[in-house]
Amino acid sequence: MSGILAQFETLGATRQAIERLRAEGHSELDVFSPIPAPELEEALGIVASPVGRWALIGGATGFLTAVALTGLTALAYPLVTQGKPILSWPAYFIIMFEMTILFTGLFGFLGVLHHTRRPGRLSAHYRPTFSVDRFGVFVRAAAGSDQRDVEALLRSTGAVEVEVSA
Amino acid sequence: MNDGGVRHDGSGAAGPEPTGDGATRREFLKVLGVAGAGAAATACGPPDAGDKLISYLIPPEDIIPGTNVTYATVLTGAGPEPLGVHATVRDGRVIKLEGNPDSPNVGRLSALAHSALQDLYDPDRVPGPRRRTEAGLVEASWDEAIAATAAAVAAGRTVLLTPPVVGSAARFYQEWAEAVGARWVAWEPLGLEAQRTAQRIAFDRDEIPTYALERADRVVCFGADFLGTWLGPVELAGRFVSGRFVDHGVQAKYTFVGPRLSLSGLKADEWLPARTGSETLVALATAREVARRKADGRAARVEATLAPFTPEAVEEASGITAERIRDLAREIAGARSPLALPPGIAGQGVGATDAHLAVALLNYVSGAHGDTVRFDGATIRGRHVPYAAMAGLVRRMGAGEVETLIVAGSNPAYSMPASSGFAEALAAVPNVISLNPHLDETATAAGWVLPSHHELEAWGDALVRPGYMAIAQPVMQPVFDTRQREDVLLQMAAAAGSDAFDVEDYRSYFESVWRELHGRMYGAGPSFEEWWHENLSRGGGAVGPGFPSDPAPSLTAAAANYRFAAPGGEGDDLTLVTYPTVQFYDGRGANRPWMQEFPDAVTKAVWNAWVEIHPDTAEPLGVETGDLVEVRTEAGSVTAPAYVYRGIRVDTVAVPLGQGHTAYGRTAEGRGVNALHLLDGSADERSGALAFSGAAVTLTATGRSGKLVVMQGHDYDEDREISEIIHFDDAMAAVREHHVDLTALVEAAYDSDPQSPYRWGMTIDLNACTGCGACVTACYAENNLPVVGEDLCDQGREMSWMQIMRYFEEAEEGFQTVHFPTLCQQCGDAPCEPVCPVYAAYHTAEGLNGQIYNRCVGTRYCANNCPYKVRRFNWFTYERPYPLNLQLNPDVTVRSKGVMEKCTFCVQRINRAKLDAKAEGRLVADGEIQTACMQSCPTQAIVFGNLKDPASRVSRIAKGSRGYRMLDELNTRPAVTYLKSVTHAALPAGGHGPGDAHGATESEPAEHGAAAEHE
Amino acid sequence: MTLRHKLAAGASIGLVGALLVVAGLGRGTGEAAGQESGEATPQSPLELEKVKPRTPTGQTAEEAIAAHATATEGPAQPIPFSHRFHTQELLMQCEYCHGGTESSAIAVVPSLELCMGCHRIVGAQHEAIQRLRGYWDQGQPVPWERIYKTPEFVQFPHRAHIRSQVECEECHGKVEEMDRVYQFASLKMGWCLECHWAAGEDTDVATDRLLVERYPPPETPDERQPIGLYPRRLDQQYAANRGPIDCFACHY
Amino acid sequence: MATAEIDVPREGLPTLADANRDISRPISTPYGRYWILLGICGALIAAAGVAWTIQIRDGMGVAGINNPVNWGVYIVTFVFWVGIAHSGTLISAVLYLVRSGWRTTINRTAEAMTIFAVMTAGLFPLIHLGRVWYFYYLVPYPSTRLLWPNFRSPLVWDMFAIGTYFTISLVFWYLGLIPDLAVLRDRFTGIKKRLYGAFSLGWQGTVRDWSHYRRLYLYLAGIATPLVLSVHSVVSWDFAMGIVPGWHSTIFAPYFVAGAIFSGIAMVITITIPLRWAFGLEKYVTTYHFDNMAKLLLLTSLIVGYAYGMEYFLAWFSADPIEQESFRWRATGFYAGPFWIMVFCNVVVPMSLWFKRTRNSLKALFVISVLVNIGMWYERFVIIVTSLAHEYDPSAWQVYTPSLTELTIMVGSFAWFFFWFLLFAKTLPTISIAEVKEHLAHEHEHGNGH
């Protein structure tokens, strides 16, 4: 697809470019970063990741599974030990706690996989430098004047390298 | 274990046609022994049904496979007394022995008697006739064996050596000897010749009096180990304890006189540590004082004789102060029916007869004679030649006057002191023929070894009461290719050309004896057959009138004017005491694994022999428990680990008998030392009895530390509510204040399921427990407990579900002992249960702590969490060499490695009883279930039953004033209630002397004998 | 398998994945599968109807021997013994050969003498019977292939089950219709429990339940801390079932 | 101006590219010594394997444990390794939550350590089982026995706690690795590229990816913190739930947790110092980090020391003679040696960390941390063995000495741990590249005067 891929060396420059681009009305941006960069998220106006919801559901599942497991198995073959009740909830709570934690973590991870997964190969705009020290911004732009404006903008904000793909 | 009813004639009980071959036997056990014999918990679910199903060819009549049948018989070789037993037979093999209630031992047994099973199934028994050649022992056929030995017998100058016998056998041996022109010598190493002689002199009666301990209110014992090894421990222990009826205000004060506290001594309220051999003087001095106080006709007769023996006169020689003797005399004189017991083996020195005579005089003047000491002939023991006579035989053997020596059931090569030179003399006898079942010291010297049946495979009888004869019958097919001893003799006689016997085998011989008895008793009346079968099924029967003559014969003039040796001066050298133990007796127990692993009642040591010395003797030598010391007498010397023991005089050294075998089997050989090597063979001149004590010894520390495994980590309970003992007066006060609510329950809701009609419980009366260990051995037999050997015991890996701890309690003077049986307490609130991750330990609805072997994965958390430390872990899979495995109880799983186990209150018996009860639509009745330990206890210290039944015996006893629970403050709610031991000795206010922290520091690394050398 | 177990099993499904990793793969599923199948098969003891009166179907001895040879289930026996033939055709009662079982822990296998009792004369022409006689003459027992064996750590008293009116068929299947005996019941613990767990039905034989009704146990002081969460009745299971579910009833 | 979080001189400040290169250098560079070490570990593991095989064949008897002392070196070592496992998550999670930046360069190593330590610890409950071939009885699954594990048993709690802890730590660690794996993917070619590529799950670091990443990382840190506390509490309850005098105590949970962190930090130091030297990472792991770890070590040492004292106070205060005797014997009895070793290593030695000079001397730190590890092993030995050897019934008192089998397996466990660690050090970045770069990036920002 047609667009422009610019590479930046610094966080600041990248951020500037993003802000300017969005001001110009280019909201379709793919931004690559070698480091976790809250600033860029801000700039792109990314809202909180949904992974949290996954974790929450996981936790609930884990807890309920533990309740069922401990309680029902105790009832399945009621055996008394040391005069303790068949349903010794205080003891069982430890199992519930651990299972809650376990499922929270696992579901959360599944969440991340779900949200970051993409078809096998890397995106066409990805450049190995992005895992070293370059920041990358890809702007969808139709060929022509539009492209020229964007390119100018990017260069002015300190892009060290600009590729135009038609 | 008795659901088959008592049957007669066990010979039919075995499975397939008897072949001596072990393989087929094992094969048939595999299928009919089913439940128990295999390895334990393997995987769940059904096994691959690959193996074969073998049925009987011809089913023995009225035997149902998989059920127990019980046969009554009698053991004459299990200690000093004949014991009637019920043999439990399962699918053709005897798996358990229990006392026969109809016999004098009223259903009780000793540890040694239980272990007769391991003698029967001993892999070291001689499997068949053997002939000695240069190449060693070679197999031989019975026919050639009989032929060869008969020829030797026919050649004349034959001596037949047997243990003393009573009943038909005595007559048989006599007749046999006459028939073939041989001499019959009956000999008993731990015999009673001194006592018989004394009675002959004193009352002109050649018999053993009966000691009515149950009626005595003041007991003084001059050394006899009457609770352990002397005369008739099972019976006497029963009598002794039935005399201790604390809850009814009765408990005889009991004084022990002697240099060493034996098993019996530990039970005493008071100890007069008289120097070895001076018991005679103490007895005489006491008698003199009693006579002075009584001043009656009897006193007058012996006044002159006793005159020289004033307490002051004997003070120096005996080491007992005059006033203590006077106090003793005062109490005896004041008692309603006092009783003095003579010295036993341990007290048998060169003056043995005098000692017995002195005690007889004491009983005479104190009025015990005819009251608590009765000549009613009720104590019948076989006659035998004294040691001196044996020495004579040895001389003749040495002089070549004996052509042929037939040893039948006796092992002189071991039990004669080395100094007697028996071994050498034996070598001088051309033909030595052994009829012993084992290849023991004597048999190894024999040219012909003709193994005889074990008692449980043989016919026989024994006169155990005047007018009461016990019958021994085979309870199973012979394990090996052996023959009945008497049959072998019969066949010899026949082959030797004698026609004296017109019977084809011994069974018919002694049946003919019984016919005669029957004829004499009732000419008419019941037919012989029904009478005979009745007797067989009951294990014996009346064969004549009771004992006719006078129970209190008058004192002879000879005795009244007897010249006792005058009190001597003080000797300052160490003296020796050798004594028989409960587990080995005269050494016959040494090849039985159960007995080797049996913690000695006094020292708690296993698998070894030891030298007991007083701390003050050990200290200057720098010797501690476990260090090797050398004991030397003129006769010889032995080197064994020391055991430092408070209960022995400073100037005395004690060594147990029965160990140090050079032959006899894999378990016995090379274990410990043979104390007989220390005896110079000097004998009591009047009776010719061997002197087991009194020899002067020198004791030297070798500096090396040996290994003595003591199965008790610490001798004091540290005031921890474990072993409790109280003074008699306090016990009385408690009884008076105590009000029992017979309707109240001794259990709480979660001890057992509220719906369940049962909560199994137990009481153990520490006042009754003598520490004899019969219960421990019974448990080994009933529950398939493995024997682990010395090293594993040393590491604290013994498997005994029940142990008897021996705790010392400090008293005002000296100390008191509490024998404390520990077993699983079956807690209602058990710490072991909730920690098991797989429910292998859990609480049953009937209040037991279940332990499910096949579920157990072996985390051992339960054992850590058991405050009583009664759980046992299978560190290995323990093998039982064939045929020992034939003894396994099929009703109990055999555990394999990695599994935790513990006492189950004999749940297999509980379940059987419940099935029986259900079949009749009722609940299990009180007393219907007897655990193995309870069943065996000679003093009935253990009571088992249902705590949910407020009226049951166990409930009532548990509510008694002396009841308490072990470590009660842990609130584990044990199902076992202990009854405090009661003593007449003054106890300190609350203190336990070494019982507190310091005591612990003393012995802290000496844990459990694991590292005794640290002490 | 009771409802409780279905629930418990269901609850655990959420875990099974993770657990298999721990449990060493397959083991869990294997057993779980066994569970299901054990449920599916018509073996559930309680559903079995009682034995019908037998009527000879006219099978001949030759046919019986042939049938034993061709039967697919169960191991071939050294002697082609047909239970069907002996019971259906000869109308023999089980107890004739297996007497004593009702009073013993183990099932009683007939002695060779018993076989010979008839077969000295009967059927002597058959080759199989001649072999049987061969065993007898050599004094050798017949090495029957064993079908049922409870593990050594299980104590299974036949007498208790017979007394509680458990029909032989419930565990051994319709042996009288088998040409060759095969293992009918799985003998897995779960299979035993299906029966033991069933609600105790009113029989005229004394079950624990009946005994408890007849002899009600005394009131015991309840010492449990009164915490609302704890339903007390749960550990009052004694004798609630047809058979004991106490581990100690069979394992000791 | 944000203050420098890594005290690297501004001019010598590595570029992001340097970070990529330096940190991933060990992966491409061959080391002769590395293979030797790996070989030694392998050999020791094999020896332990043989020992275990023999134990399974013959029975637990080949170990030195006996009747009163049913737990020995196996459980001691188990608790030791669980303890080691605690620093990792603590450093990654807790310090992440409290934003202490110095964790950055050590958290990867610490987390790896955690995972391998749990893998080691997890072996011992199996090794000490009498019938390990039935260990699956502990696992709740529908079986033909219709039986389930007993969830009232601390051992089952343990299984769940350790299992959860391992899984969560693994996820946490792996999540942090993903961006670095992407880095490696881009550095290498051929098979390596494909491997790292596969494990990096197609990570290409779009800002959206980073937002998911950061969110989950935060949550994991959040749940891992209570988890850390719970795990060693549960382990401590294996003992505190018992009635054994010396075990049955309410202070055990905090006591064990503190001890765990103590030993964990010590192990991090023990490992990081040689690692840093071997892989030439001085630029990234500096005295500044060690100083902080030393302070943490000192703090936890004080807590542990306090716990020791408190145990004795409680024993005295309880006025329970049995409890008192148990503790008296612990310090003066057969096991006085181990007890005083424990006190010396865990309480006395760390006091030297009050001085900055000690904290900044790597040699001293290394020695101290090793001593602490030894001391902590003995602490577990003292708690477990002395308590069991001297319990309620005096007649059952019995001492225990480890057997050769037990010691072989214990040594093997160390080999097993270091084996995995060596593999990790050679194949994965031992420092979180992404986080280091994050910091460097900010440094450069400010450096460039924006």
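Let's start inside chain B, where the side chains of Lys948(B) and Glu747(B) form a salt bridge, 3.9 Å from N to O. A salt bridge here is a side-chain nitrogen of Lys or Arg within 4 Å of a carboxyl oxygen of Asp or Glu. This pair ties together distant parts of the chain, 201 residues apart. Lys948(B) sits in the loop between strand 40 (942-946) and helix 29 (953-958), while Glu747(B) is in the loop between helix 23 (728-737) and strand 33 (760-765). Helices (H or I, at least four residues) and strands (E, at least two) are DSSP runs, numbered from the N terminus. Both Lys948(B) and Glu747(B) are buried; buried means under 20% relative accessible area, exposed over 50%, and partly exposed in between (1.4 Å probe, protein chains only).

A quick word on the ground rules: this is a predicted model, where local features need pLDDT of at least 70 and side-chain atom pairs count only at pLDDT 80 or more, while totals for chains, interfaces and linings use all residues. Residues are numbered from 1 along each chain as its sequence is written, chains are lettered from A and ligands numbered from 1 in the order in which they are written, and side-chain values use heavy atoms, leaving out hydrogens and water.

Now for a pair between chains: Arg159(C) forms a salt bridge with Asp916(B). Arg159(C) lies in helix 8 (residues 158-163) of chain C and Asp916(B) in helix 27 (residues 907-919) of chain B, so this one joins two chains. Asp916(B) is partly exposed, at 22% relative accessible area.

Chain D has a pair too, Arg359(D) with Asp291(D). Helix 12 (residues 356-360) holds Arg359(D) and helix 9 (residues 287-318) holds Asp291(D), 68 residues apart. Both are buried.

| Salt bridge | N to O distance |
|---|---|
| Lys948(B) and Glu747(B) | 3.9 Å |
| Arg159(C) and Asp916(B) | 2.8 Å |
| Arg359(D) and Asp291(D) | 2.9 Å |

Over all chains, the count comes to 79 salt bridges. Some link up into a network: Arg218(B), Lys253(B), Glu270(B), Arg324(B), Glu331(B) and Glu813(B).

Finally, chain C as a whole. Its secondary structure is eleven helices and one strand, in the order α-α-α-α-α-α-α-β-α-α-α-α from the N terminus. Of its 252 residues, 46% are buried. Among contacts (heavy atoms within 4.5 Å) with a separation of 6 or more, 72% are between residues 24 or more positions apart. The accessible surface of chain C is about 12900 Å², with 61% belonging to carbon and sulfur atoms; such areas come from the Shrake-Rupley method with a 1.4 Å probe, and for residues only the protein chains shown count as cover.
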